[in-house]
Amino acid sequence: MKSNLFLLAVVSVLLNQLCLAQTNSTAPSENSSVAVPVLRIDAGKVTGKVSPALYGLMTEEINFSYEGGLYGELIRNRTFKADAVVPRVSPSNYVAGQYVPVTFRAETKPRFWTPVGGASIVLDTNNPLNEFLNVSLKLDASSASATSPAGIANDGYWGIPVKPRTTYQVSFFARAADGFKGPIIVSLESTNGQTVFASAKISGVTGDWKKFEARLTTKSVTSSKDNVFKLTTTTPGTLWLQNVSLFPPTYKNRENGNRPDLMQLLADMKPKFLRFPGGNYLEGNGFNQRFIWKETIGPVEQRPGHPSPWGYWSTDGFGLLEFAEWCEDIGMEPLPGLFAGYVLGGGRVEAGPALEPYIQEALEEIEYLTGDSKTKWGARRAKDGHPKPFKVTYVEIGNEDWSPSYDARYAQFHDAIKKKYPQLQVISAVGYEQRTNIWVTSRTPDLVDEHYYRNMEEMMAQSFKYDTYSRTNPTKIFCGEWATRVGSPTPNMAGALGDGAWMTCMERNSDIVLLSCYAPLLVNVSQISGNGRSMQWASDLIGYDALTSYGSPSYHAQKMFSTMHGDEILATDSQDIPMRTWQRRGRGGASPQTQQLREIFFDATRDARSGVIYLKIVNTAASAKQINVRINGVKSVNSKAEAVVLAGKALDDTNTLEKPENVVPRTEKFEGLSPNFTREFPAFSVTVLKLRAK
Ligand code: AHR
């Protein structure tokens, strides 16, 4: 039965490819170089509904996205576990979900901390705060005196942002050897030591672990990032420290919350969902290095943390609840990726009894997010501070699990999830862009997740792909990772143009493309190369350092698409679209091929209630184009309209920390419209025209 369905779907894909290829192809006319391109909108013909959740976000711990990024914490290596020796485990010696402690080499000096004023520091595993933070920083401050304080300093993630009239929340756990009289002084200072922006004294440190807190408030200072956080004493003694934390004000003042400027950039995109926690970050390099959600909840000082597959330690202060609260804060739905028994560093659990504990883990994760307080894990969420369940519509099984063993593992998850949560839509991590022999065929996934990282021309070349997908296949499309990867650290105008072309394709086909999200989302641009760099993956939507942030041209293109569209897809076609010749690179040993590429891409949607037609036009050409727009099926078009235009002076035009608004959309009001009008569209531009038609 299932395989018949599958055959039907394949035949239907092929048939659709045949017919739609005809309806969408635009033969260049003989004199296409001079003819004015014509875009036709048939407002009387709605081809489908725009998916209300089409535009979302995708995220993971990469490029210092949370630690040193979105997560408010300013101290780097606050738990001193960045030097952990992580045991290697395999499915044969690992009990699913069992906590595997890390160890530390003797005499290790903790990374990202420096001694101050003659102090010495070392990692100490004796008498730790708890079994999860099983190490502490031992501070020998025997040299301390009133004139020469001794202690530790941390310069954060490539700097500590100090802003005027701002209150920072300090907290840490400490204990002391007998005889320590204190107090401890915490301060925010410039790196050169010349300016102390704020400081506070803390007393009462004893031989037992205790939590201490203080507030540091700055005066009317100039914003800066070349600063350090210091914890010192003027009294000789030995101290042990753990979870040393410094938080600035957060978005919506959430405790353990997020950086406001980045949250605002994201909120402005009005995304509908968040795919998390990865990406590779879901899978990790080992069974003990994946995103073990139960180790990411509860008080932060009881979260052990783990190494990210992108090469640095995550404290997991940004855990499962924080992901969900991030969604809540900007009105998105969580779309969790559930660990599917496959890790990147080799090793997987086959379908069958061995996979059951992971199925259970996934069901419990869903319960933690969506269950009410009467359920075991819903009650745990309430205890963690969030009694109200989160709304979840979609869950994904694994990430890029492109192995022949996936089908059987998917089936086991699918059945268990559908049994307990029949309302959930289950997504396969193997999309139709993959070879057919690894597609899920034993079940009918609600959606499949497709990933596309391309250059500009490749994106343009595939921008009619979804027009040819089956309309009868019950399985819909989630384009869960995609980007035009041109420009580093963040994409340039070429990236925005490739993205724009691709988004016209997804939007025009959003009757079947229900969800999409660009990846990666965030990059700390402080050090984009070299050892210990802040960027592991080039071309990311939003860039930032410790102090400021900016959206790339791709960010702006995406925001334009996400915030300006209707709910009905209108039929369109075109003629005399200018073409250019492109030499496609030969993949996998194949020789390069010459191909004709369209230079203009477009789609039209309408808001059923207001009648506003959103016409999106992407002009990838190096010259401005006169384009004739003809709207059929309407009585009249209001002569006044609005255009939002994102245009670059060149393909490599871009935004940076220094020039964050070099390429941003401009809004123009204009007049003289009718159902048949001609308008000039700038070179290298993405335009949204808002047309009022009746
Ligand atoms: O987005 C970066 C990486 O690309 C993701 O972690 C992974 O899923 C994909 O290969």
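The text below takes the aromatic pairs, then the helix, then the ligand.

This is a predicted model, in which local features need pLDDT of at least 70, side-chain atom pairs count only at pLDDT 80 or more, and totals for chains, interfaces and linings use all residues. Residues are numbered from 1 along each chain as its sequence is written, and side-chain values use heavy atoms, with hydrogens and water left out.

**Aromatic pairs**

There are 34 aromatic pairs in the structure. Rings of Phe, Tyr and Trp (its six-membered ring) pair if their centres lie within 6.5 Å; planes under 30 degrees apart are stacked, over 60 edge-to-face, and the rest tilted. Phe-276 and Phe-323 are stacked, because their ring centres are 4.7 Å apart and their planes stand at 20 degrees. Phe-276 belongs to strand β13 (residues 273-276) and Phe-323 to helix α5 (residues 320-330), so the pair ties together parts 47 residues apart in sequence. Helices (H or I, at least four residues) and strands (E, at least two) are DSSP runs, numbered from the N terminus. Phe-276 is buried at a relative accessible area of 0%, and Phe-323 is buried at 0% as well. Buried means under 20% relative accessible area, exposed over 50%, and partly exposed in between (1.4 Å probe, protein chains only).

Trp-293 and Tyr-368 make a tilted pair, 5.4 Å centre to centre with 50 degrees between the planes. Trp-293 is in the loop between α4 (280-283) and β14 (306-307), and Tyr-368 is in helix α6 (residues 356-370), 75 residues away. Trp-293 is buried at 1% relative accessibility, and Tyr-368 is buried at 0%.

Ring pairs also join a cluster that includes Tyr-66, Phe-276, Phe-323 and Trp-326.

**Helix α10**

Helix α10 (residues 493-508) has 16 residues and spans 22 Å from first to last C-alpha, close to the 22 Å expected at 1.5 Å a residue; the expected span is 1.5 Å times one less than the number of residues. Since 16 of the 16 residues of α10 are buried, the helix is largely enclosed by the rest of the structure.

**Ligand**

Residues around the ligand include Glu-60, Trp-310, Asn-399 and Trp-537, where near means a heavy atom within 4 Å.

| Residue | Distance |
|---|---|
| Glu-400 | 2.7 Å |
| Tyr-453 | 2.7 Å |
| Glu-481 | 2.7 Å |

The protein covers 93% of the 280 Å² of accessible area that the ligand has on its own, by the Shrake-Rupley method with a 1.4 Å probe.

Methods:
Polar contact = N/O pair within 3.5 Å; in protein donor to acceptor, adjacent residues only side chain to side chain.
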